[in-house]
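Dear colleague,

I am passing this structure on to you, and my notes on it follow below. Please read them with the coordinates open.

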Amino acid sequence: MSFAFGFTDEDLNDVDIHDTKVEPTSKGKIESALETFNVLPEHQPRIHCLSSILQTLEGVRLTFDNYITAGGHIVYRRELYDVKHQIMMEEKDVSSKLSELLIERNDADVQSNVYEGGFKSWECSFDVVDAIHAVTEKSGLLNSSILELGCGTALPSCYIIKRKFEERDHRSMSLLVSDFNFEVLRLVTIPNIMINWASTLAVEELHRLTTDEVNSRFENNEVFITKELIQEFEKQLQLYNVQIVPVSGSWGREFNQLVGQYKIDFIISSETIYSPDTLPVVAESIKNILENAGTTHGQALIAAKNIYFGVGGSVVDFLTYLNSIKNSHFEIEVKEIADSSLRRSLITIEYK
Ligand SMILES: C[S@@+](CC[C@H](N)C(=O)[O-])C[C@H]1O[C@@H](n2cnc3c(N)ncnc32)[C@H](O)[C@@H]1O
């Protein structure tokens, strides 16, 4: 995998490999996927309180690594083995299915309707980081209402947070991070956001906030989450007018209604169109959320591998579906990324 910097096989997804015939998603008239998509009661979407999640992290030492994208941008991410370690230490709190998957079977690949791959960073999320960098250079992304749909390790959101605090940008921003599994939000999404924020602090300040007499270890690749660090994080979020909103549960109509109150004008989604069952839901949700936000200019950045061999989703199917439901307010641009044998695309959707 020539695109990867510092990945282990375990950390990267490997959904590819055996060749299958990809059936077109839509045949004839397309039924609204949002109407027919069935969400089980236990997968109903929910907004969580950031403070409550942060409290569960107090006293946890996060081990992370830094990654450099093809465009040369740094982003930090919690190590997967460190996540597993936390799960083992507090097993009673984690859904037993997830624990069984990650610890006993040592398998962090997608298990449909149980776990959708959020603990690992997928390759296209690095492409999105580069794309976000370009957008932030060009226009004011940092004062948007942003949704990262199917965020997992949320590297694009982490990069946004890192940029915002590095730039000392005080314009108001809402950042919704959504994942199928609450435990992904708690164990990787929010820790990653916190690590990336912490990277913007002066070293002396970080040292002061993350050590005490009992916990005096201070390493380059660790952040010890203290009460003081959490307080400072929340204080700075307020100071910089940032609202972080974790959303768990399944996509669908209820999800769109729930996030709709935040008037989302920027959607990011990396590697979420791999399944023919949910690919139409992603397409319709993007259209639905942007149309209902009451914005004069909405945008979405969707990154994906061109074909998900053995799974069935593809960029062509996604575009076919999107083109069949979109109206004249939407413009779609596709950029192919062919810097390795794994062909990927970045789809920009403009709503005006
Ligand atoms: C393959 S992972 C990609 C994670 C991350 N965006 C990345 O690129 O590293 C797919 C993501 O989509 C989300 N997802 C998949 N199906 C979903 C569904 N039906 N409802 C909500 N989220 C879903 C998962 O939670 C997961 O985070």
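In which sense do strand β4 and strand β8 pair, and over how many bridges? Strand β4 (residues 145-148) and strand β8 (residues 266-270) pair in the parallel sense, over three bridges, and Leu 147 stands opposite Ile 267 in β8. Pairing here requires that DSSP finds at least two bridges between two strands, while helices (H or I, at least four residues) and strands (E, at least two) are DSSP runs numbered from the N terminus.

Before going further, please keep in mind that this is a predicted model, in which local features need pLDDT of at least 70 and side-chain atom pairs count only at pLDDT 80 or more, whereas totals for chains, interfaces and linings use all residues. Residues are numbered from 1 along each chain as its sequence is written, and side-chain values use heavy atoms, with hydrogens and water left out.

The sheet

An open sheet of eight strands has the order β1-β7-β5-β4-β8-β9-β11-β10, and its pairing is mixed. The edge strands, each of which pairs on one side only, are β1 (46-47) and β10 (330-337). Eight bridges join β10 to strand β11 (residues 344-351), and the two run antiparallel, with Glu 333 standing opposite Thr 348 in β11. Between β10 and β11 there are six residues, and the two strands form a hairpin.

Two positive phi values

Most residues other than glycine have a negative phi. Lys 263, however, has a phi near 50°, and its place is in the loop between α10 (253-260) and β8. Glu 271 likewise has a positive phi, of about 55°, although it is not a glycine, and it lies in the loop between β8 and α11 (279-291). Lys 263 is partly exposed, with a relative accessible area of 47%, whereas Glu 271 is buried, with a relative accessible area of 4%; buried means under 20% relative accessible area, exposed over 50% and partly exposed in between, with a 1.4 Å probe and protein chains only.

Helix packing

The axes of helix α3 (residues 80-89) and helix α7 (residues 182-198) come within 11 Å and cross at roughly 135°, which makes α3 oblique to α7. The axes are lines fitted to C-alpha atoms, for helices over the stretch in contact, and angles run from 0 to 180 degrees between N-to-C directions; those under 35 degrees count as roughly parallel, over 145 as roughly antiparallel, 65 to 115 as roughly perpendicular and the rest as oblique. The contact (heavy atoms within 4.5 Å) is made by Val 83, Gln 86 and Ile 87 of α3 and by Arg 186, Leu 187 and Val 188 of α7. In α3, the buried residues are Leu 80, Asp 82, Val 83, Lys 84, Gln 86 and Ile 87, and what covers them includes α2 (50-57), β2 (61-68), β3 (74-78), α4 (96-104) and α7.

Helix α6 (residues 155-166) also packs with α7, at an angle of about 25° and with the axes 8 Å apart, and α6 and α7 are therefore roughly parallel to each other. In this contact Cys 158, Ile 161, Lys 162 and Phe 165 in α6 meet Asn 192, Ile 193, Asn 196 and Trp 197 in α7.
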